[in-house]
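This note is intended for a colleague who meets the structure for the first time. Please read the points below alongside the sequence and the model.

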Amino acid sequence: MERKHFLKSLLAGVAGAPALLAACSKESVAPASTTGTTTTGTTGTTTSSCAVAPTETEGPFPTHVPSSYVRADITDGKAGYALTATLTITNSTASCAPLAGVLVDIWHCDAEGNYSEYGGSGMQSTNYTAVHFLRGRQTTDAQGQVTFKSVFPGWYSGRATHIHVHVYSATGTSLKVTQIAFPEGTGTAVAAVNGYAKGLSGYTSNASDNVFSDGVALELAAVTGTTTAGFQLAIALAVPA
Amino acid sequence: MLPRTITFCYRKVLDAAAGAAPSWDQLVLAATYAEFRLQAQTLDPARRYRTLAELLQHVPGAERLHFLVSAAVRGYLAQLEGWVPDVLDNLGRRALRFTQFQFELLSADVLDPTRHRVAISFYSEPLHWHATVGTYLLVAEPGPPAPSGEILTRLVSLQPYLSIHSLSPAE
């Protein structure tokens, strides 16, 4: 009986929402309070079926929260040499003028070569305060720039060191999906990091990488710095907007 | 008799029935829809497919969408302050605490927000199940009883979309 009641009250809440919307302005209350009001009156009058009573506190009214990708520091406690990546986005269809206000997503693997995922299965439960490590989103400034604080990426079998980039227009339309390549060889950051604990045995060079082997001229970042002081990465990416 | 330890799972399904009024449900739907549209373009840059089902069928790795889109939900979960929504005890108080959740896209369409449907499963913290009273489960937080020996309890009834997720025998 109370299940029926519960369902009924649920339905009342759901059905009530559009009506409220029609009747009131944006100040209209959440459906939960509709349920509450209905059941308050019935509590005490029925003894055999105790109706679910209202929540006494609604809590703060829900407000818009940006995606947890929106942040400048994507390190999330991951170990590795510090890396500050500055990306400048320009418009290839407007004389390479800086593109302000576009969304830039980046993601890369950790020092061991792993991406953030739910333990691989993709579907197991996770703590809601956990984070999507080494993934971030920023909006470009007037100079078309975004800066991320992260760690130098590791590498995994079959790929050269890289950072994924997705540039979207302010309205969320994809402008470019690309990857940032790293200079390699003596004296480079890739050589200095030396693949972290793995070393570089079996490393895939840019020339052998199936993404970069067609040439990295437009995807190759300038990377400076040291393992002790951290590395700075800079790259300009022209996208059609 | 020693109580068994259980965890509940409450699966909250959100879809266009949430309406357009600015509620938690509606904000979560809007945020996950926006994130889905962004992430779908990463997986399918040529934009050949418009629905979740098509992406799952044709694009390798598309099952990562559940995980990738879940980033849009975390901030909203924080607003719940650790309480499983909607599930009340028979005194009308929120009854279950959670930290674990699982987000699923059920259906999504890049071009049609009204077809957006998601589910969030909330996994409760472990509770001791002391007895069953009518259709209610008499549960209590694990931990030592008060000095007086009494254990504070609450009554939770199983209801649609609320299930017992796990059970550990009495120690």
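1. Basis of the note. This is a predicted model, in which local features need pLDDT of at least 70 and side-chain atom pairs count only at pLDDT 80 or more, while totals for chains, interfaces and linings use all residues. Residues are numbered from 1 along each chain as its sequence is written, chains are lettered from A and ligands numbered from 1 in the order in which they are written, and side-chain values use heavy atoms, with hydrogens and water left out.

2. Elements of chain A. Chain A contains 3 helices and 10 strands; helices are DSSP runs of H or I with at least four residues, strands are runs of E with at least two, and both are numbered from the N terminus. Their order from the N terminus is α-α-β-β-β-β-β-β-β-β-α-β-β.

3. Burial and contacts in chain A. Of the 241 residues in chain A, 42% are buried, where buried means under 20% relative accessible area, exposed over 50%, and partly exposed in between (1.4 Å probe, protein chains only). Among contacts with a separation of 6 or more, 70% join residues 24 or more positions apart; a contact requires heavy atoms within 4.5 Å. The chain exposes about 11700 Å², of which carbon and sulfur atoms supply 60%, by the Shrake-Rupley method with a 1.4 Å probe.

4. Positive phi angles. Which residues other than glycine deserve a look here for a positive phi? Y196(A) has a phi near 55 degrees; this residue is found in the loop between α3 (189-193) and β9 (222-226) of chain A and is buried at 17% relative accessibility. D86(B), with a phi of about 70 degrees, lies in the loop between α4 (74-79) and β2 (98-107) of chain B and is partly exposed at 34%.

5. The second largest pocket. Its volume is about 340 Å³. Of its 17 lining residues, W107(A), R135(A), H164(A), T42(B) and R64(B) are the closest to the centre. A pocket here is an open set of points on a 1 Å grid where a 1.4 Å probe fits, with protein on both sides within 12 Å along at least five of seven lines, and lining residues have an atom within 4 Å of a point. Both chains contribute: β3 (103-107) and β5 (135-139) of chain A, and α1 (24-43) and α3 (64-70) of chain B, each supply at least two lining residues. The lining comprises 9 nonpolar, 4 polar and 4 charged residues.

6. Salt bridges in chain A. Over all chains there are 14 salt bridges, each defined by a side-chain nitrogen of Lys or Arg within 4 Å of a carboxyl oxygen of Asp or Glu. R71(A) and D76(A) form one of them at 2.7 Å, N to O; R71(A) is buried at 15%, whereas D76(A) is partly exposed at 27%. Another pairs D209(A) with R159(A) at 2.6 Å. D209(A) lies in the loop between α3 and β9 and R159(A) in the loop between β6 (145-151) and β7 (162-168), so the pair ties together parts that are 50 residues apart in sequence. Both D209(A) and R159(A) are buried.

7. Salt bridges involving chain B. D89(B) and R93(B) are joined by a salt bridge whose closest N and O atoms are 3.6 Å apart. Here D89(B) is buried at 3%, while R93(B) is partly exposed at 38%. Salt bridges with shared partners also link D105(A), R137(A) and E35(B) into one network.

Methods: Grid points are joined across faces, edges and corners, and a volume is the space filled by probe spheres set on the points. Ala, Val, Leu, Ile, Met, Phe, Trp, Tyr, Cys and Pro count as nonpolar, Asp, Glu, Lys and Arg as charged, and the others, Gly among them, as polar.
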